[in-house]
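I opened the notebook to record what could be looked up in this structure, entry by entry. The chain is shown first.

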Amino acid sequence: VARYGCAACHEIKCVAHADSKVGPSLTAMREQSYVAGVLPNTAPNLIRWIQHPRAVDPQTAMPELGVSEREARDMAAYLYNQ
């Protein structure tokens, strides 16, 4: 999460300087109904979003960051377990 600069746009619990309001808060992710407002909140959908946000929503401001599947799984697990 820190390596990909997620804190530049998102509020993320327990990540230094992750208090931005550009994108939605990622705190309490497991309690959200949707991922990015378009996908039901499941681990596979969050992983998909992290890896390829523009394939899910071409109008999103979230960039394609080149996150590997393993890294996306780890990021999703972190966000769900905060």
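Entry: I began with Ala 28, which is placed in the segment before E1. The elements I name are DSSP runs numbered from the N terminus, with helices (H or I) of at least four residues and strands (E) of at least two. The model is predicted: local features need pLDDT of at least 70, side-chain atom pairs count only at pLDDT 80 or more, and totals for chains, interfaces and linings use all residues. Residues are numbered from 1 along each chain as its sequence is written, and side-chain values use heavy atoms, with hydrogens and water left out.

I noted that Ala 28 is not a glycine, yet has a positive phi of about 60 degrees. Ala 36 sits in the loop between E1 and strand E2 (39-40) and is partly exposed, at a relative accessible area of 39%.

**Entry: confidence.** I checked pLDDT, the predictor's confidence in each residue from 0 to 100. The chain has a mean of 90, and 95% of its residues reach 70 or more. Confidence is lowest in strand E1 (residues 34-35), at a mean of 95, and highest in helix H1 (residues 43-51), at 98.

**Entry: overall fold.** I counted 3 helices and 2 strands in the chain, in the order β-β-α-α-α from the N terminus. The radius of gyration is 11 Å, close to the 12 Å of the globule rule for 82 residues, so the chain is as compact as a globular protein of that length. That radius is taken over C-alpha atoms, and the rule is 2.2 Å times the number of residues to the power 0.38. The C-alpha trace spans about 30 × 25 × 20 Å along its principal axes, and 37% of the 82 residues count as buried.

**Entry: the largest pocket.** Which residues lie nearest the centre of the largest pocket? I found His 10, Pro 24, Leu 26, Trp 49 and Met 62, among 29 lining residues. About 540 Å³ of space lies in this pocket. By residue class, the lining holds 22 nonpolar, 7 polar and no charged residues. H1 gives the most to the lining, with 3 residues, while E1, H1 and helix H3 (69-80) each supply at least two.

Entry: I located Thr 60 in the loop between helix H2 (53-56) and H3. Is Thr 60 buried or exposed? Thr 60 is buried, with a relative accessible area of 16%. A polar atom of the Thr 60 side chain lies 3.1 Å from the backbone nitrogen of Met 62. His 52 lies in the loop between H1 and H2 and counts as partly exposed, at 41% relative accessibility. I recorded 8.5 Å between the C-alpha atoms of His 52 and Pro 63, which are 11 residues apart along the chain.

**Entry: Arg 3.** Arg 3 counts as exposed, at 64% relative accessibility. A polar contact of 3.5 Å joins its side chain to that of Tyr 4; such a contact is a pair of N or O atoms within 3.5 Å, one able to donate a hydrogen and the other to accept it within protein, and residues adjacent in sequence count only if both atoms are side-chain atoms.

Definitions and conventions:
On a 1 Å grid over the protein atoms alone, a cavity is a set of points where a 1.4 Å probe fits but cannot get out, and a pocket is an open set with protein on both sides within 12 Å along at least five of seven lines; lining residues have an atom within 4 Å of a point. Grid points are joined across faces, edges and corners, and a volume is the space filled by probe spheres set on the points. Ala, Val, Leu, Ile, Met, Phe, Trp, Tyr, Cys and Pro count as nonpolar, Asp, Glu, Lys and Arg as charged, and the others, Gly among them, as polar. Buried means under 20% relative accessible area, exposed over 50%, partly exposed in between (1.4 Å probe, protein chains only).
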